[in-house]
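I opened my notebook to look up a few features of this protein.

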Amino acid sequence: LTDAAHAAVPGARVEIGSYAAHVPAGCTVTAADAAGPLPTSSRLTLKLAGQARQTPCSGWATVSVRVYGKVPVVTRAVRAGEALDGAVAFQEREIKSPVLAELVPGAQAARALSPGQIVDPLAVRIPGQSPGDAVKVRVVTGGLTIEQTGKVVTCGGGKSCAVLPSGKHVEGAFRDGRLVVMLP
């Protein structure tokens with residue numbers, strides 16, 4: 001689960017609460033797999049695998065987890081449109097909703113923010129990354145990297161998205177002025 005949390009927030013820490021496994025009698029669980037990244041504290045289902053008398057077995061488990069990580073927190077009152085540079089510090093907090101793993105230089109507050117507030121993706125506006133703006137899109141899959149120019153589009157939930165010349169919509173994270181899209 002820690003690896004799944006690190007995929008969402010580098011350096012995240014996971015605390016496991018309740019755990020209830022459902023496997024066949026005699027099955028000794030040897031592996032558990034979360035289906036994707038673990039971005040927030042939540043209750044989730046794990047796929048379990050193991051052995052029962054030299055025969056593979058499988059099952060599932062429900063687990064409640066708390067995810068903690070260094071997230072951007074407002075250190076002073078910030079007005080809408082004001083630059084966040086110098087007004088944010090990374091602090092360890094429980095992550096209960098999607099957060100930014102990093103804050104892009106030049107980011108601005110999309111709305112007024114109060115001291116102590118976690119900076120969520122919807123609270124940030126990045127100049128040059130507004131819908132319709134041209135953006136370099138870097139698609140990474142395995143050892144292959146492809147880069148082309150797309151257009152920023154809205155996609156809700158504080159996500160960063162673009163549409164490629166082919167019409168394909170992609171979601172990723174802005175890094176070094178590019179939208180980086182990681183594919184399996």
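**Entry 1: disulfide.** I searched the whole structure and found one disulfide, meaning a pair of cysteine sulfur atoms within 2.5 Å. Cysteine 27 and cysteine 57 form it, with sulfur atoms 1.9 Å apart. The link of cysteine 27 and cysteine 57 is right-handed, with 80° about the S-S bond. It links distant parts of the chain, 30 residues apart: cysteine 27 lies in the loop between β1 (13–22) and β2 (28–34), and cysteine 57 in strand β4 (residues 55–74). I noted that helices (H or I, at least four residues) and strands (E, at least two) are DSSP runs, numbered from the N terminus. Cysteine 27 and cysteine 57 are buried. Buried means under 20% relative accessible area, exposed over 50%, and partly exposed in between (1.4 Å probe, protein chains only).

**Entry 2: the model.** This is a predicted model, where local features need pLDDT of at least 70, side-chain atom pairs count only at pLDDT 80 or more, and totals for chains, interfaces and linings use all residues. Residues are numbered from 1 along each chain as its sequence is written, and side-chain values use heavy atoms, with hydrogens and water left out. The pLDDT is the predictor's confidence in each residue, from 0 to 100. Its mean for the protein is 86, and 91% of the residues reach 70 or more.

**Entry 3: phi.** Most residues other than glycine have a negative phi. I found that arginine 53 has a positive phi of about 50°. Glutamine 54 has a positive phi too, of about 70°. Arginine 53 sits in the loop between β3 (42–52) and β4, and glutamine 54 is in the loop between β3 and β4. Why does arginine 53 count as exposed? Because its relative accessibility is 71%. Glutamine 54 is exposed at 76%.

**Entry 4: charges.** I looked up salt bridges, where a side-chain nitrogen of Lys or Arg is within 4 Å of a carboxyl oxygen of Asp or Glu. The structure holds eight. One of them joins arginine 66 and glutamate 94 (3.2 Å, N to O). This pair links distant parts of the chain, with arginine 66 in strand β4 and glutamate 94 in strand β5, 28 residues apart. Arginine 66 is partly exposed at 40% relative accessibility, whereas glutamate 94 is buried at 17%. Arginine 111 forms a salt bridge with aspartate 120, their closest N and O atoms 2.9 Å apart. Shared partners join Arg13, Glu15 and Glu92 into one network of salt bridges.
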